[in-house]
Amino acid sequence: MAAARFSETVTGDVRDGVLVVTIDNPPVNALSADVRAGLMAALDHAKASADIVGVAVTGAGRIFIGGADIREFGKPPVEPHLPDVLDRIENFAKPVIAAINGAALGGGCEVALACHGRIAGEKASFGLPEVKLGIVPGAGGTQRLPRLIGIPAAIDMTGTGRSVKPEEAARLGLADKIAADPVTEAAQLARAVAGTPLRRTGALTVPVADAATVEAAANKVLSKARGQASPGEAVRLVRAAADMGLRDGLAEERATFIRLRDSREAAALRHVFFAERAAGKLDKLDGVAPREVKTVGIVGTGLMGAGIAVATLTAGYRVIGVEQTEEAAAAGRDRIAGMLDKAMQSGRLTAATRDQCLARLTVAADAGELAPADLVIEAVFDDLTVKTDLFRKLDGIVRADAVLATNTSYLNPDEIAAATAHPERVVGLHFFSPANIMRLTEVVDCKATAPDVLATALAFAKKLGKLPIVCGVTEGFIGNRIYSAYRREAEFMVEDGAEPQDVDAALEAWGFPMGIFAVNDMAGLEIAWAKRKRQAAMRDPKERYVEIPDRLCEAGRFGRKSGRGWYDYSSGHRAVDPQVTALIETARAAKGIVPRRFSSEEIVARLLKAMANEGSALLAEGIAARASDIDLVMINGYGFPAYKGGPMFASASPS
C-alpha cells in the first residue's frame, strides 16, 4: 500500500506484511497528543488488516522519541493518555517491535519498554530522565524496566536519570539486538514472532536480586539526592515492582507522578529547564551571524588555560597555546595531555579522540604563533597591566577580524578593550574552574563589543557544551557579585552570634552540597583577602565591615591548602576549631556585640534574601538580561540546588 497518514505526525507503510510506523514530530519526535492519537490509529489499522502480521515503530531523523511534549507542560492532559497507548501496545494481539534509531528518552523509553521487542540502532540511547524534572516516570517506566533489567540496574537508571548506550542496553537486557538498520531488523523480528506467544514486558516476573546489591544501588542514588524527593520516590517505585502486580504498580506510579508533578520541586526544575532554553537568547542578536572559528589561541596554559584548551580540543577546534618560555610551554602541553588522559581513563574520551585532540594542539613560547587564530582567549594572571599589555601585543599579531576574549574574574573588561586598537572585537569569556568540567560560562558583553563578536562568543561556548549566560560589565559579573553579597551576609550572622558550622549545616540541610564557609576554605581565603586590602582605601567607613576573615588570614589560615581556615583540616577531615571560635568571640567583644542564636530557617532565609536582592540590583542595572539567567549562574557555578530553582525563583515563590 502507499504510505498512510494516521495523524499529522504519524505515518505508516507496509513492508512485507509489517506496518512500519514512523513518528515525525520535529525537533525531537515528542509524544504530543497528535503523536499519541496517531499511534492509536496505526494500531487500529494493523488490527483491521489481515495482511498485516506485525508493527515496527520508529522515529524520523536522528531521534526515536525524545519524551513528553514540553508545550503540554502545565496544561490539562489530552486523550489518548500515554499510559493507555502503552497498555494497548503491550496487549496488542500482533507483535509490536521498537526500532530505536536514536534517543529514546522519558516517554520514548516507556514506549520501547511496552513493545514486544527492542532493536537498537548504533546511535540509540535509552533513558528515564524524569527525576531531573522533579518527577518520576508516569507511564510504566518504574514497573516495566525492572522486569527487563532487574531491580539494581533499574534503580540506577530511574534514580539518576542517566542514559545508556546500545552496548550497555544490550548487556542489561533492555535491547534485544543492535543493528545498523534497526527498522529492517525490527520488521524481520515482527515477522518471526508473529503468531507465537508474545513477550509482554508487564507479564514478566521481576528477576530476584540480592538484597545487599539492591540496598547498595538505592543508597548510591539517595546519597546524591541531597533532599530532592523524586530520586527517592523512583527508588521506592522500582523496589515495589518486585512486590506488586503490574496493575497495582502502575497505579502507584501514576499517583506518585501526579503528586510530584504538582510539587514545588517539579515547578522549580521546570523553571530551570525553560531557563536553559532561554539562556543566551538576546533580541539584539536576531539575524546576527557569528564569525567562523576554526583555530583558537589560548594565552596561558596553567590550570585554567589548560582546562579551556581541553574543552576546546574535545569540541573539535585546533588549539594554539602560548607561554612565556619553552619550559612553560612544555609543561603546559603536558598539563593538557594529562587532562585528556584522565578524561580517557574515566571513559569520557576514547583513545582515538584523545590522539586526535593532541594532533590539533600546538603549545609554543612565541606569541607570533597566534597569527592564524580566529579567536584568542587570554588566561593569564588576573592583573590589569598584564592583560592590557598582552592585548596590545595581540593587535600586531592576529588578523583585525579575530576575536579577543578575556577570562578575567574581577577586572573591568571595558578597560582591557579600551587599550586595544579594535575594542569592538573584545568580549569576556569567564570560564569556571575546572574549565574542562564546569558547564557555566559567563559571556561578558562589553561596552564596545560588536554584535557579531558577542554572537561568536555564544556560539563558541555552546559548541564547547557550555551553558553561556550573557552579562554586562560589573565587578565580579553576575556570579561573583552575588556570591560576595551571600558571603558578606553569612559573615554578618557569624559576627552577630551564629557559628560558621551552624551556617554551613543549615545550608547543607537545605540542599547545598557544601556550606559557604567550607566552600571558602576549599577555594582559599587569601584571594579575597588580597582584594579587600586593595579596596581598603576606597571602603566607606560607615559601611559595616567584618574583620574576622582578615584575622584568619593574618594567622596563616588560608583554607584547606594550609590545613586551617574557618575549619581545621589537620586530621584530613573538616573539623570545628576552638581557635576559630575564640577568634570570633574576641572580634565580637571588640565591637561590643552580644551574640544571639540563629535558627536554621533564619540563616537560610537571610542568605537567600541577600542573593535575591543583589540579583534584583543586577537586573535593575541591566547587567543580567533575565532573572532566570541569575538562577542558572548560581545553580551551575555556585552549588545552589537545582531543585530549589535558584535564588530568584526561590525568593519569588517562597515555600
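# Questions on a predicted model

Biologist: Which residues does E614 touch, not counting residues up to four places away in sequence?

Modeller: The model is predicted, and E614 is found in its helix α24, residues 600–620. Once residues up to four places away in sequence are set aside, E614 touches R481, I482, A485 and R488.

Biologist: How far apart in space are E614 and Y483, C-alpha to C-alpha?

Modeller: In sequence, E614 and Y483 are 131 residues apart. In space, the C-alpha to C-alpha separation of E614 and Y483 is 9.2 Å.

Biologist: Is E614 buried or exposed?

Modeller: The relative accessibility of E614 is 17%. The cut-off for a buried residue is under 20% relative accessible area. E614 therefore counts as buried.

Biologist: E233 is another residue of interest; in which helix is its place, and does E233 count as buried or exposed?

Modeller: The place of E233 is in helix α9, residues 229–240. Beyond its neighbours within four places in sequence, E233 is in contact with V136, T256, R259 and L260. Its relative accessibility is 13%, so E233, in α9, counts as buried.

Biologist: How does α5 lie relative to α9?

Modeller: Helix α5 (residues 151–160) and α9 have axes that come within 9 Å and cross at roughly 155 degrees. Angles over 145 degrees count as roughly antiparallel. The relation of α5 to α9 is therefore roughly antiparallel.

Biologist: How do the residues of the contact of α5 with α9 divide into nonpolar, polar and charged?

Modeller: The crossing of α5 and α9 is right-handed. On the α5 side the contact is made by I151, A154, I155, T158 and G159, and on the α9 side by P231, A234, V235, V238 and R239. These residues divide into seven nonpolar, two polar and one charged.

Biologist: What word describes α19 relative to α20?

Modeller: Helix α19 (residues 500–510) packs with helix α20 (residues 516–523) at an angle of about 105 degrees, and their axes are 7 Å apart. Angles of 65 to 115 degrees count as roughly perpendicular. This is why α19 is described, relative to α20, as roughly perpendicular.

Biologist: Which residues of α19 and α20 make the contact, and how do they divide by type?

Modeller: From α19 come P500, V503, D504 and L507, and from α20 come I516, F517 and A518. By type, the residues of this contact are six nonpolar, no polar and one charged.

Biologist: How does α3 stand to α4?

Modeller: The axes of helix α3 (residues 107–114) and helix α4 (residues 141–149) come within 10 Å and cross at roughly 50 degrees. An angle under 35 degrees would count as roughly parallel, and roughly perpendicular begins at 65. The angle of roughly 50 degrees therefore makes the relation of α3 to α4 oblique.

Biologist: What is the handedness of the crossing of α3 and α4?

Modeller: In this pair, E110, L113 and A114 of α3 meet G141, R144, L145 and L148 of α4. The residues of this contact divide into four nonpolar, one polar and two charged. The crossing of α3 and α4 is left-handed.

Biologist: In the largest nonpolar core, which residues touch the most other members?

Modeller: In soluble globular proteins, nonpolar side chains tend to be buried together. The largest nonpolar core here has 60 residues, and those that touch the most other members are I478, V503, W566 and F640.

Biologist: Where is P27 found?

Modeller: The peptide bond from P26 to P27 is cis, with omega near 5 degrees. P27 is found in the loop between β3 (18–23) and α1 (33–48).

Biologist: Is N29 buried or exposed?

Modeller: N29 lies in the loop between β3 and α1. Although N29 is not a glycine, it has a positive phi of about 55 degrees. Its relative accessible area is 3%, which means that N29 is buried.

Biologist: What is the relative accessible area of R226?

Modeller: R226 is found in the loop between α8 (211–225) and α9. R226 is not a glycine, yet its phi is positive, at about 50 degrees. R226 is partly exposed, with a relative accessible area of 45%.

Conventions. Residues are numbered from 1 along each chain as its sequence is written. This is a predicted model: local features need pLDDT of at least 70, side-chain atom pairs count only at pLDDT 80 or more; totals for chains, interfaces and linings use all residues. Side-chain values use heavy atoms; hydrogens and water are left out. Helices (H or I, at least four residues) and strands (E, at least two) are DSSP runs, numbered from the N terminus. Buried means under 20% relative accessible area, exposed over 50%, partly exposed in between (1.4 Å probe, protein chains only). Contact means heavy atoms within 4.5 Å. A nonpolar core is a set of buried Ala, Val, Leu, Ile, Met, Phe, Trp, Tyr and Cys residues joined through side-chain atoms within 4.5 Å. Axes are lines fitted to C-alpha atoms, for helices over the stretch in contact, and angles run from 0 to 180 degrees between N-to-C directions. A crossing is left-handed if the near helix is turned anticlockwise from the far one by less than a right angle, and right-handed if clockwise. Ala, Val, Leu, Ile, Met, Phe, Trp, Tyr, Cys and Pro count as nonpolar, Asp, Glu, Lys and Arg as charged, and the others, Gly among them, as polar.
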